Amino acid sequence: MWMSTTSALWPAAFNATANALLQDISGPYEVAGWTPGAFALWSRDAFPLVLSASGEHPTVVAAAPSAGPRVMAFAHEAMVADAVQDPADFDPSARTNIDLLVVNALRWLAWDRTGLRVGYIVTDPNRWAATGARLKTALMTLTPELPSNWAALTFATFPAASASIDVLIVDTYQYSMTSGQANAVLNWLRGPKRGMLVAGHAWNWGFSNANANIFTQLPINQLLWPYGIVLTKAYDFQFQDASAEARQRYPFFSGLTAAMTLFEQLSGDAHFPALTPEQKTAVYHGIYKFLAVLPRRTDVNVATMLGQIYAYLDIAQLSWPGWSSYAPAGAPTPPWNALNLTGAINDPLTAARAMYKVQQNAIMSRATQRTVLRKYGMSKFYLWGPFVWPIAFSEWNEVLGLASVPLTGGRVVAFGHNSVITDYKYPPPRTGEGTDMLVINSFRWLGWGQANIRICTADESKRGVLQKIALGVTTSTTPSTVVDTRLITLDTLSAGACEILYLDTSAALTPARINLIKSFLRAPRKGLMVAGQVGSYLDRYSPLNKPLTTAPINRLLWDLGFFAVASQYSNGPQPAPLLAEVLNGTWLYYNLWFSAMELIQNKYGGGTPIPSARYELISNQLSYFINTLPASTDPAAAPFALGPMFATLKAARRPATALMNPPSDDDWFYSANVFSASTGHPSEFIDIFMDAWAVRHNDIGDPARLSRYAAAFPGVPGAGATLRTIAISINATHIPMPNTQFRSAYDPLWRSTGAWFHPTPGQAATITVSANAVNKGLMVQIGSQTDDLNDYRAFKRVPVIFNRFPITSISRTIANPMGGLIYIVVPPGTNLGAVTVTLTNVIQAPRYVAGRTTLAQWNAMKAVPVPAPWTEFESRTLILQVPTKNAKTVADPAALMAHWDKVLDSMAWLSNMTRTRAERFTVDADITNGWMHAGYPIEGFVVPSVLNELLNTTWLQTYGAWGPYHELGHQHQWNAMEFTGTSEASVNLFTMNALNATGITAANNDRVDRNWLLPLRSCYFRNTPNPADLAGRTAPNWGFEWGTWVGLDLMLQLQENFGGWNFYRRVFADYVSSNKAFGWGDDVDRAQYYILTTSRLANYNLVPFFEIWGFPITAATRTAAAAYPEWTANPMLTWRPSATDPSCVGNMGRRRLASQ
């Protein structure tokens, strides 16, 4: 048995298939006076079993797709037809290796049958009848349980007989086979456990058809190519000996396996073991030999059929300097000219630049530096193809218009809103208006300069404006062009219908209609105008938002070099700069294919280095593009054939060393160890974002892959950490308080497992659950830090490092290239009770649970030298998620968590919360906002000062922890009590009450003495000497300046005068019991309710008090509050502000539009 070189790419069926087909075979193969042909392969499921003596040509091949038939092909019919000729050959010990291979092939093609029915369609039926008789005897000798029957067929008799055969033999000389006959065989092969054996060569056919396209003109390839096999015109004279060592190279003779392995090797990922010299040579031959048989891609029909292959080989060409050493000594450079995009230009990037300059000049002529229409909500486009470029941008530099020359034929222009077309005015074009000129230029360009142009549409409502555009093109073209319009149906679209098709993005596109549009464009000199939006804007970071695969129009557009995405903000287009600036090449970098390919070229020393001034542009476009991509394993992505695109991004990657260093112990580390998109190389940016993309979309095609950035953050277990199985029971119940308005109350609940996932080759991690957990909404999560840093342009870690998998079966594989703690996620409203969870191939993580874990057990955990890098401390109110190295500093976790329980209990008491879950607090290399922020989990920076406030019991009992208390307080706020932008004020009621409840004094924490707020009150009232003089004063700016600290000051005045902290406990109780709700931003209504509630609970009319503070007060509120006694002790009646410096405003804590 042999092992794969890369677990992800080694063909899944190869080991078992080769074992079966090469059983008992070793040493030389005999050639009995005939000349074998050769195959070329392009499939992960196809591989050679016999190579020519030169080691270059596959001569016997097999294909074993996981969901398809089994296929064998021999490069000369005599290998099969003349097998077991001598009586001695019936003795297994006397057979030649070729005879053994033929018999093994029939046994393999039989699957697990106990009888085999063979049909054969051949040019010499008599010869093959004798073959069948001999092979029938040979099979019975070797495998008595496999009797066989053989029958001669023709393509005419095959349909009727096909139900009565299991294996079909076809020789390669069926030159009159039609496509219909080939399809009948292919349809039959889709049945269960079918097999096909092909025998013969094509070198003789090649002598007579020297310039023929073997893919489309050699009939037998209609049967072979669907399985990644193509019979070529090549030939050889001898075979390479069979050996176990040779098998280590066989899969790489498939061009696709060779190319994909090459790209992985060039990625620099240490996860992939280096290839042996022999395997490198096989990779070279796999790519070289396929290039040698490729027709020129300038034929649009070839580009349609083989477009993916050309795209893969483009990458191999640009990276050739990085792998030229794979070629044997003296071997030629691969024949890259087959890949030429245009004529004799070998470099695809040079061809792209040349096409851009010529065609863009025609489209943008007289349309630059003009005013344009402003349309809100235009869709934007992402570009991926050799000949596609922008022609219009939004004010945010998003592509809102583009032109494309697809390799599969035609010309295309697209705009992100149909009003670009429907708002066209004629006559005459508006003075200075650039949009109309751009429209005219676009239609003229789509017409290819023809004298007579018909514009057709299936949308009758657009015909009127298209007639105006037709008139505009006619009158503005020299020499004159006759342009007309006509109405058609998409179901009857043909090349003769018109020269330009107008298509709205909202058109109903069936697969049949899409194929008709593509066929239309393949005809000579055809054009397509696309305009419109692609739905509403969605959260572009949600895994559910996959515009490429969910917007129907994109099934067409992707094959034309681009796709459309909904945009929330895109107004445009903006005026284009001078034409000379347009043509200088900068706009080409909005084409992500061009950028990525140039990055590959630069990576291996080719081309002109990309100027650093363009780094940020390229990186920004790449980040937006990558985030829209579906997982490569997503079934919905299969029709889009995204493999070459993913391979291009993989090949363009290179390590971002700035992100490979762990966070510093310095509190200000966040200014160091940073990768910046403005200065960092875009290849490094791709590397970071592709890891984030893989995590975001659960793309675990290779579950053993470990990100090169994981060691820096979140960290990896020590070298001695061992994989194990962990079985636990978790409480899968999560019932929030009814009608709660507490923050994050309806967030899914995490249940800790005490397990760490670490990607390990050959050791896939799995989760197995009890049956009551399946399809109940539960998920398994890997990773503790959930902040998505995608919008940042300076990174301290990979932007997304946690992922989730739905639990929809008893068992499944889980993975995350970043590693992380494992949780079971329970949605709100779930009431399943106990669920058993078993995790295999995971690492035990330190976990202290108050009341369950003893001090001795904790000390034993601390003593483990190489534990998981993160530890959890859990009590009934709080779970801390911290680095293990810091967790080991905790001597008495019971005392630590008892303190936190006291803090959280004080908050629940004040807010009248019935706690239904413990809060979570984690630390991170970077967070989305602030020094810390609330949520589930709360997040803060992984720096010494934060960790000290979380883990140092002595510090907490002496000084408290304002920051963590503050964020925990947010989790206890009641929404209806908050005013817009002022949640930072009331939250500190919880902070100060917690300091009080844990015995912190002003001697150790000066904020316990609320007098520090008085200067800020003076700042708030800085424009009046007497705040109580309502008629003569300048009122304070309540709507803008009553924020964090002055808001707290007011609230503490009520606390001090009406019963201490119990007053606010009563206020919260009133809000909770009433369940009063407000719309966001209804500050006036919220203020009235707050004034009346506090007045009622204080039993005083508090309107004068709030009026001094500048609150808006309605007549109804004044009337209702007048029922309570006057508050004569109102401290604001006599208080006067002290002198302040104007700069005090910056310290006041004004309102925030978004709360922390």
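Reader: Which residues does asparagine 1005 touch, not counting residues up to four places away in sequence?

Author: The model is a predicted one, and in it asparagine 1005 sits in the loop between helix H33 (983-997) and helix H34 (1014-1020). Leaving out residues up to four places away in sequence, the residues that asparagine 1005 touches are Tyr959, Leu995 and Ile1000.

Reader: Does asparagine 1005 count as buried or exposed?

Author: A residue counts as buried when its relative accessible area is under 20%. Asparagine 1005 has a relative accessibility of 11%, and therefore it counts as buried.

Reader: Turning to serine 379, which backbone nitrogen does its side chain reach?

Author: Serine 379 is placed in the loop between helix H15 (348-364) and strand E10 (380-383), and because its relative accessibility is 1%, it counts as buried. Apart from residues up to four places away in sequence, serine 379 touches Val399, Leu400, Gly416, Gly532, Gln533, Val534, Val565 and Ala566. The side chain of serine 379 reaches, at 2.9 Å, the backbone nitrogen of valine 534.

Reader: Why is strand E17 described as largely enclosed by the rest of the structure?

Author: In a regular strand, side chains alternate between the two faces of the sheet, and both faces of E17 are covered here, with Gly527, Met529 and Ala531 buried on one side and Leu528 and Val530 buried on the other. Strand E17 (residues 527-531) is largely enclosed because its buried residues number 5 of the 5.

Reader: Which residue of E17 is the bridge partner of tyrosine 502?

Author: Strand E16 (residues 500-504) runs parallel to E17 and is joined to it by 5 bridges, while strand E13 (residues 411-415), also parallel to E17, is joined to it by 5 bridges. From E13, valine 413 stands opposite methionine 529. The bridge partner of tyrosine 502 in E17 is likewise methionine 529.

Reader: How far apart are the C-alpha atoms of isoleucine 421 and aspartate 436?

Author: Isoleucine 421 belongs to helix H16 (residues 419-422), and it is buried because its relative accessible area is 0%. Not counting residues up to four places away in sequence, isoleucine 421 touches Phe415, Val439, Phe443, Val465, Leu466, Ile469, Tyr502, Met529 and Ala531, a list that includes Met529, the partner of tyrosine 502 in E17. Although isoleucine 421 and aspartate 436 are 15 residues apart along the chain, the separation of their C-alpha atoms is 8.3 Å.

Reader: How much space lies in the largest cavity?

Author: Searching the whole structure gives 4 cavities of 30 Å³ or more. The largest cavity is lined by 13 residues, and those nearest its centre are Phe742, Ala745, Met913, Thr916 and Arg917, while by class the lining has 5 nonpolar, 4 polar and 4 charged residues. The space in the largest cavity is about 130 Å³.

Reader: Finally, for the protein as a whole, what share of the contacts with a separation of 6 or more comes from residues 24 or more positions apart?

Author: The protein has 40 helices and 34 strands, and its C-alpha atoms fill a box of roughly 120 × 85 × 55 Å along the principal axes. Of its 1156 residues, 59% count as buried. Among contacts with a separation of 6 or more, the share from residues 24 or more positions apart is 76%.

Definitions and conventions:
Residues numbered from 1 in each chain as written. Predicted model: local features only at pLDDT ≥ 70, side-chain atom pairs only at ≥ 80, totals over all residues. Heavy atoms only, no water. Helix = DSSP H or I, 4+ residues; strand = E, 2+ residues; numbered from the N terminus. Buried < 20%, exposed > 50% of the residue type's maximum accessible area, 1.4 Å probe, protein only. Polar contact = N/O pair within 3.5 Å; in protein donor to acceptor, adjacent residues only side chain to side chain. Contact = heavy atoms within 4.5 Å. 1 Å grid on protein atoms, 1.4 Å probe; cavity = no way out; pocket = protein on both sides within 12 Å on 5 of 7 lines; lining within 4 Å. Points joined across faces, edges and corners; volume = space filled by probe spheres on them. Nonpolar A, V, L, I, M, F, W, Y, C, P; charged D, E, K, R; others polar. Pairing = 2+ DSSP bridges.
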